[in-house]
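Have a look at the screen, and I'll walk you through a few spots before we zoom out.

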Amino acid sequence: MKPSDQNPPQAGTTPGSLPQQGSELELSTIQVKQIIHDTIPYLEQFLSSINEQDSCQGVDSGDRSGLAVSHAPADINSTLDQLFSTVVPSGYNTTSPGFMGFFGGGGLPQAAIADLIAGVVNRFTGRWASAPSAVELELSVIRWITQMAGYPATAMGLLTSGGSQSNLIALFTARESYAGKLDMGKARIYVSDQVHFSIRIAAKMCGFPPHAIREVETCALGTMQSSQLHQFIDEDKKKGWQPACIVATAGTFITGAVDDIGAIAAIAQQEQLWLHLDAAYGGFFNLAESGKPILAAMSECDSITLDPHKSLFMPYGTGALLVKDGAKLKHAHDIDADFYGPLQDQGERVDFCSYTFEQSRPWRGLRIWLPLKLHGVAPFQAMLEEKLQLARYAARHLAGIAAIELLAPPTLSVLVFRFYQPGLSHQQLTSLNKRLLETINSRNAVFLMGTQVKGNFGIRLCVLSFRTHLSHVQTALDEIERLAVELRDESSMQAGA
Ligand SMILES: Cc1ncc(COP(=O)(O)O)c(C=O)c1O
């Protein structure tokens, strides 16, 4: 039976008379140009005022009552007005040069232009055959990152949505590399007590029970104690556990500490364990002259998470995962899906859908490729070196302030400090430091965050945005010094009273 016999056309629905409703979704090129044209002044105003914008814009700013999706259409200008008056200036201003909280790379607008192009041309990059050039362009970005990490040509990688997705794919690949020989009830994953929580979530999603995670203590600087790691592995083996994977960190969230990758890699090699390096924050510092020695051993790891949306200054939603033996990444994800037809497996003809669980995926490669194409690598190297030097400068400056104690000096571009006066209790120090942080942030020139280092409340300063330079760091330091002196005088008076 022909399809037309199965579903005979109803009266009034012959092809010529199909309703045209909804066709307003198909903009003419003139209309597309007009929307872009209307949007540009808002972006211009936003970008040109970045230096004056608050680095944290408050959670209560603006009226959010009109944000619900409505059934009635709205015009672009009133919508842009609403977006830029209510939605954008709300919460952490991660584009501000004064934003020194979390890991904010700033978000290069060049990458956003790439997103506009990628969205408009809407290529499907899950398979080579569907967009060969787009896939090979993305692959060239991955190759550049694998070379930067010192990986061999057999390595493979993926651009992901961020560190959490990369960590998930890495742990899954590690698990699958045991080819069914791992008893999930007895498996062990070794992490430091500073491991990012995305690793715990990833382990859970990969089916490892909670007791699979064995936490190794860190030393004062926040790096994994490799001697204890070795001891735990020995103990576990004797008790019948199955050591499977070690997760080292290159740039912990709290202090930016980098584990002794070389020492941990030697243990992993001796014990034949998968070694994953969570270098979401720290990995790209390998591009900077003074970052290289710190990350020299990263090529010894089996897999590496890196976040271009952190230390390559890309907008959020740009992660990367590298696997040294690319075949293992493929083996973990390769499922024979007939409907795809023959998949590629030759040189640059790569089907990303064979390397990840993501099928339809955005063309992430373009947002990294375009800024690199426009500027070359050198400005990225210089920027990263600048961030390292700024953090070291900040640490020296803070160390010179009498009432300030460095809780964690910078390994890369994060440091943690606190106001300290002898004689004050733990509780008094915590509440004074919380006050110090609140006061600094309330001025809105810079945004720092509170954290805990070995049980002490500290203030974390992270220099990472491509927009953050000496003047912005100096503003933070001057503010910290002035407030620390005020706090010191106040606490001395109270002690004397
Ligand atoms: C060390 C580390 N790993 C993983 C992540 C998670 O990355 P994402 O937020 O890109 O998912 C972070 C986030 O800050 C991190 O610091």
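So, Ala266 sits in helix α9, residues 261-271. This is a predicted model, by the way. Is Ala266 buried, exposed or something in between? It's partly exposed, because 16 other C-beta atoms lie within 10 Å, and you'd need 20 or more to call a residue buried. If you go looking for Arg361, that's 95 residues along the chain from Ala266, and the two C-alpha atoms are 37 Å apart.

Now let's go to strand β4, residues 242-249, where you'll find Cys245. Cys245 is buried, since 29 other C-beta atoms fall within 10 Å. And what does Cys245 touch, once we skip residues up to four places away in sequence? The list is Leu171, Ala174, Ile189, Leu273, Trp274 and His276. There's also Ala268 to point out: in sequence, 23 residues separate Ala268 from Cys245, and C-alpha to C-alpha the pair is 8.1 Å apart.

Move along to Ile246. Leaving out residues up to four places away in sequence, Ile246 touches Tyr190, Leu229, Ile264, Ala268, Leu273 and Leu275. Ile246 also belongs to the largest nonpolar core, which has 125 residues, and together with Leu275 and Met298 it has the most contacts inside that core. Which helix gives this core its largest share? That's helix α14, residues 378-399, with eight residues. The core also draws at least three residues from each of two domains, domain 2 (114-375) and domain 3 (379-496). As background, nonpolar side chains tend to be buried together in soluble globular proteins.

The assignment divides the chain into domain 1 at 28-92, domain 2 at 114-375 and domain 3 at 379-496. Taken over C-alpha atoms, the centres of domain 1 and domain 2 are separated by 35 Å.

Let me also show you Gln53, in the loop between α2 (29-48) and α3 (76-87). Gln53 counts as partly exposed, because it has 18 C-beta neighbours inside 10 Å. Again skipping residues up to four places away in sequence, Gln53 touches Asn93 and Ser96.

Okay, the ligand. There are 15 residues around the ligand, and the ones that come nearest are Gly162, Gly163, Ser164, His196 and Ala280. Helix α6, residues 163-177, provides the largest share of that shell, three residues. And how does the shell split by class? You get nine polar, four nonpolar and two charged residues.

Asn122 isn't a glycine, yet it has a positive phi of about 50°. You'll find Asn122 in the loop between α4 (109-121) and α5 (132-148). Asn122 counts as exposed, because it has 9 C-beta neighbours inside 10 Å.

Then there's Asn444, again not a glycine, with a positive phi of about 70°. Its place is the loop between α15 (426-442) and β12. Asn444 is partly exposed, given 16 other C-beta atoms within 10 Å.

Buried or exposed? Gly455 is exposed, because there are 7 other C-beta atoms within 10 Å, and the cut-off for exposed is 12 or fewer. Gly455 and His426 are 29 residues apart along the chain, and their C-alpha atoms are separated by 9.5 Å.

How many helices and strands does the chain have? It has 16 helices and 13 strands. The C-alpha trace spans about 95 × 65 × 40 Å along its principal axes. For 497 residues, a compact globule would have a radius of gyration near 23 Å, and the 26 Å of this chain agrees with that. Of those 497 residues, 42% are buried. And of the contacts with a separation of 6 or more, 74% are between residues 24 or more positions apart.

That's it from me, so over to you.

Key: Residues are numbered from 1 along each chain as its sequence is written. This is a predicted model: local features need pLDDT of at least 70, side-chain atom pairs count only at pLDDT 80 or more; totals for chains, interfaces and linings use all residues. A residue is near a molecule or strand if its C-beta atom, placed from the backbone, lies within 6 Å of it. Helices (H or I, at least four residues) and strands (E, at least two) are DSSP runs, numbered from the N terminus. Ala, Val, Leu, Ile, Met, Phe, Trp, Tyr, Cys and Pro count as nonpolar, Asp, Glu, Lys and Arg as charged, and the others, Gly among them, as polar. The radius of gyration is taken over C-alpha atoms; the globule rule is 2.2 Å times the number of residues to the power 0.38. Two residues are in contact if their C-beta atoms, placed from the backbone, lie within 7 Å. Domain bounds come from an automatic or database domain assignment. A nonpolar core is a set of buried Ala, Val, Leu, Ile, Met, Phe, Trp, Tyr and Cys residues joined through C-beta atoms within 7 Å.
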